[in-house]
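Have a look at the model first.

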Amino acid sequence: MTTQTAADKTVARPAPNTPSGFIGIPANLARALATGGSVLAVVSTFLAWTWTAAFPGDLTFYGYPGGLQVLVLVGGALATLFCLASYGVRGLGWLTPAGADAAVKYAVLGTFATAWYTVVSISAELGGVVNLEPGGFLVAAATLIALIGALALPFERPEPDPIDPEASGWEQFRHDAAHSMAVLRAAFASGSPRPVRTLPSYAEILIIVAVLAVALIVFTYGIGTEYDELFVGFLITAGFGFGALNRSGLIAHASQISARHQNITVCGAFVAAALFPFTQTDDQYATLGVYILIFATVALGLNIVVGLAGLLDLGYVAFLGVGAYAAALVSGSPSSPFGVHFPFWAAVLVGALASLVFGVLIGAPTLRLRGDYLAIVTLGFGEIFRIAVNNTDGTSGPDLTNGSNGIASIPDLNILGFDLGVAHDIGGFTIGRFANYFFLMLLITAVVVLVFRRSGDSRIGRAWVAIREDETAALAMGINGFRVKLIAFAVGATLAGLAGTVQAHVTYTVTPEQYLFAGTTPPNSAFLLAAVVLGGMGTIAGPLLGAALLFLIPNKLQFLGDYQLLAFGIALVLLMRFRPEGLIPNRRRQLEFHEEADAPTVLSKTGA
């Protein structure tokens, strides 16, 4: 009798500690493919991608990249540099202090996504791939080859966790999915960057200036994108590009250098922001800039309440409204029942003091609550404010705020004879109305940043952090919890009112519907809280970046129509899933979410 031996059906897997890539080709060949594909992607941007100018950006020229080709050029050049650094090319070692492979994968993936998004868009909008020129086919093939090479680069695979042999099918599936996610994270992980060596002070300051200049260029390009396809491509390139720079260790090195010169970095950031209006040919994008600054300043004030003191405030936008209404009532509006016109400095004081008073009045009876109960009370305050100003119209209540019509025709500010409502010529540049308010709002933002930094580094700031971390332990150590929380509430409300005084003059009109808990356009309480959490609670740069993104992205994604909030919500959910500490996290908070991370040698008090 003969017997047949059944063939082993188990799929051979690489040993856990054996470096291997997702695609089974030799490492040298994979690196060559990634490098060659990236170089060809750069070359393709100097060729025509389509024959007609009907596609936005006019990609019909030879020798002159335009539109989305510029983004592919930037991504391909970045990927090429990282690939060359992975070969150990002399003079490029500084590009990859944490290793090159993870940076190569991010850069190549971003270039591939931008290129294929462009090719697919051309084919879909113009009626098929027949509308592609040789450059379009070349960039599609080149980026695909580079992606295959990047995914084949070897990495250390984590060992799978043990599982009960009697586990159910669902438990086995969850175990395999968790291991697959661990392998994916390991594939795109990088090592710890080597410490940056100390350079002469002038050299480090020049590096800070270069970083700020790049940030200004990126922001100016993003805010000035003229059509939807270009902005989507910008988001793809900027997102993966930042990931590549982060994985390479350059972001960590830049952070270390800027930490040595914090005051210079902060001043340089404001100088770079002040240069933004001079990069614009008209007042169109300065409008977005001033609204972003208003949103960012209010978010930074909320960061004191939420990020430092740990108090969940869901009605914070009401303090912005209190400041705006108070300033509007005393600024000479014909809709104001008072009939007075205070100078700007007096209107600012009125708006800030009104918000301070409301902050104390609301905080005094409620701050003995904690957690969800405090959140519900603050949410109620936000709705009470909106309903109250809606009813004080002379019919349902006293004639104070003109009801749903709001206070209209608020005059422009005139500060020391300088009328912010008219254009001015400065050094050959025409500075329009919104640019004038941009500079004013930038000055107020600087004041708010100064208050945040000084209060965060003070005794009261350390008390806020103690209350946030463990209120019971802080009370046991002798901290007056109620007094400390009330101060945080009052300071946050005052800063929001300060921004509200400018908002009233920028928008000409203040109405109750501008101060909702949630809505499609910021600022509202939900977006403000999202800006703080998205950017990074307890930091200065985090809420500023989060506010800029949350204001700019919805403004640029209006072509999605009814699906705008859906796409935006999905993006937030994914970000909170994979980076819950925020884009610019406080180091202490980052360790709470990533316990396996190395402990820092120094923990900052506020993460500023």
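What follows goes from the whole chain down to a handful of residues.

## Ground rules

This is a predicted model, so local features need pLDDT of at least 70 and side-chain atom pairs count only at pLDDT 80 or more, while totals for chains, interfaces and linings use all residues. Residues are numbered from 1 along each chain as its sequence is written, and side-chain values use heavy atoms, with hydrogens and water left out.

## The chain as a whole

On the secondary-structure side, there are 21 helices and four strands. Both kinds are DSSP runs numbered from the N terminus: H or I with at least four residues for helices, E with at least two for strands.

For 608 residues, a compact globule would come out with a radius of gyration near 25 Å, and the chain's 27 Å agrees with that. The radius is taken over C-alpha atoms, and the globule rule is 2.2 Å times the number of residues to the power 0.38. Along the principal axes, the C-alpha atoms fill a box of roughly 105 × 65 × 60 Å.

## Burial, contacts and charge

Of the 608 residues, 46% are buried. Here buried means under 20% relative accessible area, exposed means over 50%, and partly exposed is in between (1.4 Å probe, protein chains only). The chain exposes about 29,000 Å², with carbon and sulfur atoms supplying 66% of it; accessible areas come from the Shrake-Rupley method with a 1.4 Å probe, and for residues only the protein chains shown count as cover.

Among contacts (heavy atoms within 4.5 Å) with a separation of 6 or more, 75% link residues 24 or more positions apart. As for charge, there are 30 positive and 37 negative side chains, and the centres of the two sets lie 12 Å apart. Lys and Arg count as positive, Asp and Glu as negative, and His and the chain ends are not counted. Each charge is placed at NZ of Lys, CZ of Arg, CG of Asp or CD of Glu.

G222 sits in helix α6, residues 201–223, and counts as buried because its relative accessibility is 1%. Leaving aside neighbours within four places in sequence, G222 is in contact with F231, F234 and K556. I553 is 331 residues away from G222 in sequence, yet their C-alpha atoms are 9.7 Å apart in space.

G321 belongs to helix α11 and is buried too, with a relative accessible area of 0%. Outside the four places either side in sequence, G321 contacts F385 and Y515. The C-alpha of V510, 189 residues apart from G321 along the chain, is separated from that of G321 by 8.1 Å.

## Serines with a backbone partner

The loop between α11 (317–329) and α12 (344–366) holds S336. Its relative accessibility is 8%, so S336 counts as buried. A polar atom of the S336 side chain lies 2.6 Å from the backbone oxygen of L329. Not counting residues up to four places away, S336 touches A328 and L329.

S258, in helix α8 (residues 250–260), has a side-chain polar atom 2.9 Å from the backbone oxygen of S255. A polar contact is a pair of N or O atoms within 3.5 Å; within protein, one must be able to donate a hydrogen and the other to accept it, and residues adjacent in sequence count only if both atoms are side-chain atoms. With neighbours within four places set aside, S258 is in contact with I208 and T265.

## Positive phi in the loops

D58 has a phi near 55°, a positive value in a residue other than glycine. D58 lies in the loop between α1 (27–44) and α2 (68–86), and its 26% relative accessible area makes it partly exposed.

S409 is not a glycine either, but has a positive phi of about 55°. S409 is found between α13 (371–391) and β1 (414–415), in the loop, and at 48% relative accessibility S409 counts as partly exposed.

Y106, in helix α3 (residues 101–126), is 82 residues from F188 in sequence and 7.6 Å from it in space, C-alpha to C-alpha. Beyond four places in sequence, Y106 touches F188, F240, G243, A244 and R247.

Q284 is in helix α10, residues 284–308, and is partly exposed at 49% relative accessible area. The C-alpha atoms of Q284 and F434 are separated by 8.3 Å, with the two residues 150 apart along the chain.
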